[in-house]
Amino acid sequence: MFGFQNKMKPFKIRSLHDNKKYGIAAGDLLELLKKGCNLLQLPLSGAHVCLYADGTKVTKEFLTTLPDNTELVLLGRGETWGGAVCDIAHLLGSDQRTEDLIQMAKGLLSDEKSFKRQKILSDLLRNLEDTSELESRDEDQDWFTGLATRFKTKSAYLKDNCACRIRSYKRELDDAAKSEHEPKVRLGCLQASEKLSRMLREDKNIGCYFDRTQKDARRLCTREGWFTCQVAIGPPPSLKGQNFRRSTPSVRPQGSFDQAKCPSLHSINPYGSRERRILFSTWNLDHRIEKRRSIIPALLEALRHHKCKDINLDYFYRLLFTWENLKLVHIVCHKKEAHHLQCDPKQIFTQDNKEQRKKMRLK
């Protein structure tokens, strides 16, 4: 009986400020504390142990119920541990170089068993492994994988990507014109499309929205390349003839068409990695007043009774192609149902046509 000893049990232990874990075998709490303090060079007085996962304090009785290789944190007097989330908070608050932080995150991820925390750490790691400060193909060849060789910089590609999206909206108008059975309306629609094309060419297809090298008033991202589902930088343009500027508040809400602010705080920097560049293609430029349900039908209806020269194409230009009517939205926040927003009837026709119709009514 006098030779009886507690069964030795293996644990993994670490300190508060170092994520490196060590294997220790102990038969009771005191033995664990002595071995741990000796290994991690902490004073035994005031030392205590808690679970790595959630910060639960380990007592003498609790220790005997733990499974083999339970992960523990050895703390000194006055130190506390709130669980695995503390590692993430430590990473975010660290002033170490990015390379060191990446190694710390990889070390945590390699030992992590929880799928949820694996996801958190892997997302954090992807954000740490960021190359957004690099711009040219020579500097970041992986970012350009699969892209045409004519793109020499990230900004040039994303500018072209935005311009392609904008041009696709005009193609929808062209398709509507081709499907129109009434010759007069079809002709007027083709004339309108030609004028809108000319306006787009003059504005370089408005590719500036995704180009971080542009001035604040012309881009939807920060200078570093961050896009958000909340607000964009700078005032919205009033487009043709005014150099994309307009005297309106400097904060432009993005996100869902029916919300002033996105509650989900979505953000992305497609300049940071090839993966994020690809994911950015799922973000949409959503028309608040919809193309197919409102804008194009309103234009066609106006052309049934009026000539193309009587139509206020500047207004339709703004609705179709500019952020006066476009909102950048994450795919999760993109609502596909009808918006129930209509074109302003007071802006559909040119001022000359309005005056002429007013005189006719007075007669």
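This is a predicted model: local features need pLDDT of at least 70, side-chain atom pairs count only at pLDDT 80 or more; totals for chains, interfaces and linings use all residues.
Q: Which residues in helix 9 and helix 10 meet?
A: From helix 9 come K291, I295, A298 and L299, and they meet L313, F316, L319 and L320 in helix 10. Sorted by class, this contact has seven nonpolar residues, no polar ones and one charged residue.

Q: Is K291 buried or exposed?
A: To read burial, look at the relative accessible area: under 20% counts as buried. K291 has a value of 14%, so this lysine is buried.

Q: What is K291 in contact with, leaving aside its neighbours within four places in sequence?
A: With those neighbours set aside, the contacts of K291 are Y169, E172, I296, P297 and L320.

Q: At what angle do the axes of helix 6 and helix 9 cross?
A: They cross at roughly 55° and come within 11 Å. Helix 6 and helix 9 are therefore oblique to each other. The crossing of this pair is right-handed. On the helix 6 side the contact is made by Y169, E172, L173 and A176, and on the helix 9 side by K291, R292, I296, L299 and L300. By class that gives six nonpolar, no polar and three charged residues.

Q: And how do helix 7 and helix 9 cross?
A: Their axes come within 9 Å, with an angle of roughly 120°. That makes helix 7 oblique to helix 9. This crossing is right-handed. K184, V185, G188 and C189 are the residues of helix 7 here, and they meet L300, L303, R304 and H305 of helix 9. The classes are four nonpolar, two polar and two charged residues.

Q: R304 is in that list. Which residue forms a salt bridge with R304?
A: To read a salt bridge, look for a side-chain nitrogen of Lys or Arg within 4 Å of a carboxyl oxygen of Asp or Glu. E180 and R304 form one, with their closest N and O atoms 3.2 Å apart. E180 sits in the loop between helix 6 (154–178) and helix 7 (183–202), while R304 is in helix 9, so the pair ties together parts that are 124 residues apart in sequence. E180 is buried at 11% relative accessibility, whereas R304, at 28%, is partly exposed.

Q: Which residues are linked with E180 and R304 in a network of salt bridges?
A: The network links E180, E182, E301 and R304.

Q: How many salt bridges does the count come to?
A: The count comes to 19 salt bridges. One of them joins the side chains of R293 and E290, at 2.4 Å from N to O. R293 is partly exposed at 48% relative accessibility, while E290 is buried at 10%. Another joins E324 and R318, at 3.0 Å from N to O. There E324 counts as partly exposed, with 26%, and R318 is buried, with 15%.

Q: Now let me step back. How many helices and strands does the chain have?
A: The secondary structure comes to 11 helices and 10 strands. Burial can be read for the whole chain too: 47% of its 363 residues count as buried.

Q: What share of contacts join residues at least 24 apart?
A: Taking contacts between residues at least 6 apart in sequence, 63% join residues at least 24 apart.

Terms used
Residues are numbered from 1 along each chain as its sequence is written. Side-chain values use heavy atoms; hydrogens and water are left out. Buried means under 20% relative accessible area, exposed over 50%, partly exposed in between (1.4 Å probe, protein chains only). Contact means heavy atoms within 4.5 Å. Helices (H or I, at least four residues) and strands (E, at least two) are DSSP runs, numbered from the N terminus. Axes are lines fitted to C-alpha atoms, for helices over the stretch in contact, and angles run from 0 to 180 degrees between N-to-C directions. Angles under 35 degrees count as roughly parallel, over 145 as roughly antiparallel, 65 to 115 as roughly perpendicular and the rest as oblique. A crossing is left-handed if the near helix is turned anticlockwise from the far one by less than a right angle, and right-handed if clockwise. Ala, Val, Leu, Ile, Met, Phe, Trp, Tyr, Cys and Pro count as nonpolar, Asp, Glu, Lys and Arg as charged, and the others, Gly among them, as polar.
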